[in-house]
Amino acid sequence: MIVYTDTISVSTRGKGTYEITGNVAEIVRKSTVTDGTATVFVQHTSASLIIYENADRTARMDLEAWFDRMVPENTSYFVHTLEGSDDMPSHIRMVLTRTSEVIPVLNGNLQLGTWQGIFVFEHRARPHTRNLTVTVIGN
Amino acid sequence: MIVYTDTISVSTRGKGTYEITGNVAEIVRKSTVTDGTATVFVQHTSASLIIYENADRTARMDLEAWFDRMVPENTSYFVHTLEGSDDMPSHIRMVLTRTSEVIPVLNGNLQLGTWQGIFVFEHRARPHTRNLTVTVIGN
Amino acid sequence: MIVYTDTISVSTRGKGTYEITGNVAEIVRKSTVTDGTATVFVQHTSASLIIYENADRTARMDLEAWFDRMVPENTSYFVHTLEGSDDMPSHIRMVLTRTSEVIPVLNGNLQLGTWQGIFVFEHRARPHTRNLTVTVIGN
């Protein structure tokens with residue numbers, strides 16, 4: 001059995017979604033795993049993971065607009081505000097999305113659907129370096 | 001080590017939850033894995049996965065009602081509307097639930113709690129065929 | 001390949017977040033796995049998992065306050081109310097967070113980020129015993 005671990009580093013330019021499908025596919029290729037799973041894990045509490053529509057940019061714009069309204073900055077009852085007005089909303093937006101995703105690998109390929117892409121979802125206003133670990137397990 | 005991959009196809013009749021616990025259990029049985037994990041992955045961006053109360057239908061009705069109100073159709077600021085008023089809400093509802101779930105397998109059985117069932121959550125109004133991949137890894 | 005399964009039992013004192021990072025790390029140590037993954041799975045439909053900021057208690061207070069407002073008790077259209085006013089909100093809060101999380105293991109250590117802790121999120125008002133399964137797979 002093969003266990004192959006690698007990392008991805010994403011330089012974000014502030015709030016938004018950043019596609020990493022190609023990076024994950026490249027790690028699967030390097031792993032030489034034919035059949036198994038690829039676990040993607042983001043090592044942060046103010047950025048998260050989503051598997052999302054990757055064809056039309058407007059689907060991502062609307063998603064970001066919805067989260068901006070659903071978990072607004074400057075929410076009156078927030079106590080955890082020392083790190084800025086975008087900090088506490090970033091933790092909640094992270095909790096509502098994902099920290100880990102596990103994607104099947106078959107015949108050496110990620111088994112994503114036609115419209116699925118893997119994205120880092122940056123919730124902070126300023127640029128950040130986001131670190132992810134990818135673990136490919138299989139035969 | 002065993003890596004066993006199989007697929008599930010679910011014909012939905014529009015919005016709602018569709019239980020697949022039996023389908024996943026059958027794949028685990030076929031895999032002959034005694035101890036390990038079963039990864040369930042849905043290959044769509046307008047349908048998702050949940051592990052949910054499977055005893056009382058009203059718990060699922062209330063869940064669906066809550067999502068209908070939380071991510072309403074015809075939201076005024078949505079730009080991604082070409083595929084219908086139920087399309088953009090379906091992407092957001094998918095992001096708020098799950099694309100992958102990993103369930104422990106012990107002594108050949110899924111280690112679900114008493115009230116837990118595995119469901120496909122269809123977010124589109126019309127019937128769709130939803131494809132899932134299940135990967136069982138273990139000894 | 002090693003497949004090591006163990007359980008964690010958490011006695012909650014009602015609504016709130018309960019850290020289990022140390023329990024999961026201890027299971028990884030016992031497993032003797034060097035490189036692989038640890039799958040954490042909560043066997044309930046009214047409690048869930050989150051990987052969250054573990055440095056400042058106020059970040060967890062604000063999270064809990066947000067969920068209390070977003071999925072309020074005594075929501076007028078809920079039908080599933082026989083088990084108490086905190087029951088139906090607990091199912092929805094569970095669906096919005098996670099049932100399973102998969103954390104990479106490298107050199108025998110969970111690859112969590114600096115601020116990440118693993119928490120059980122109790123959504124019921126009264127104390128409960130919450131059971132989790134941890135499956136460590138790797139070499």
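I started in strand 8 of chain C, where the bridge partner of C:Ser11 is C:Thr129. The model is predicted, so I kept its limits in mind: local features need pLDDT of at least 70, side-chain atom pairs count only at pLDDT 80 or more, and totals for chains, interfaces and linings use all residues. Residues are numbered from 1 along each chain as its sequence is written, chains are lettered from A and ligands numbered from 1 in the order in which they are written, and side-chain values use heavy atoms, with hydrogens and water left out.

**The sheet in chain C**

I traced the strands next (strands are DSSP runs of E, at least two residues, and helices runs of H or I, at least four, both numbered from the N terminus). Strand 1 of chain C pairs with strand 8 (residues 129-138) in the antiparallel sense over 10 bridges; pairing takes at least two DSSP bridges between two strands. I then followed the whole open sheet: 5 strands in the order 1-8-3-5-6, with antiparallel pairing. At the edges I found strand 1 (2-11) and strand 6 (109-110), each pairing on one side only.

Helix 1 (residues 21-31) of chain C packs on this sheet and touches strands 1, 3, 5, 6 and 8 of chain C. Contact here means heavy atoms within 4.5 Å. The direction of helix 1 makes about 155° with that of strand 1. For such angles, axes are lines fitted to C-alpha atoms, for helices over the stretch in contact, and angles run from 0 to 180 degrees between N-to-C directions.

**Where A meets C**

I looked at helix 3 (residues 87-96) of chain A against helix 2 (residues 57-70) of chain C: they pack at about 60°, with axes 10 Å apart. From chain A I noted A:Met88, A:His91, A:Ile92, A:Val95 and A:Leu96, which meet C:Ala59, C:Asp62, C:Leu63, C:Trp66 and C:Phe67.

Over the whole contact, chain C gives 34 residues and chain A gives 30 residues. The two chains bury about 2700 Å² between them, 66% of it on carbon and sulfur atoms (accessible area, 1.4 Å probe, lost on putting two parts together, summed over both). C:Asp62, C:Trp66 and C:Arg98 supply 24% of the area chain C buries against chain A, more than any other three residues.

**How the copies relate**

I laid chain C on chain A: a turn of 120° and a shift of 0.0 Å along the axis give an RMSD of 0.0 Å. That is the relation of a three-fold axis. In chain C, the C-alpha nearest the axis belongs to C:Leu96, 3.3 Å from it. Superposition is by least squares on C-alpha atoms of residues with pLDDT of at least 70 in both copies.
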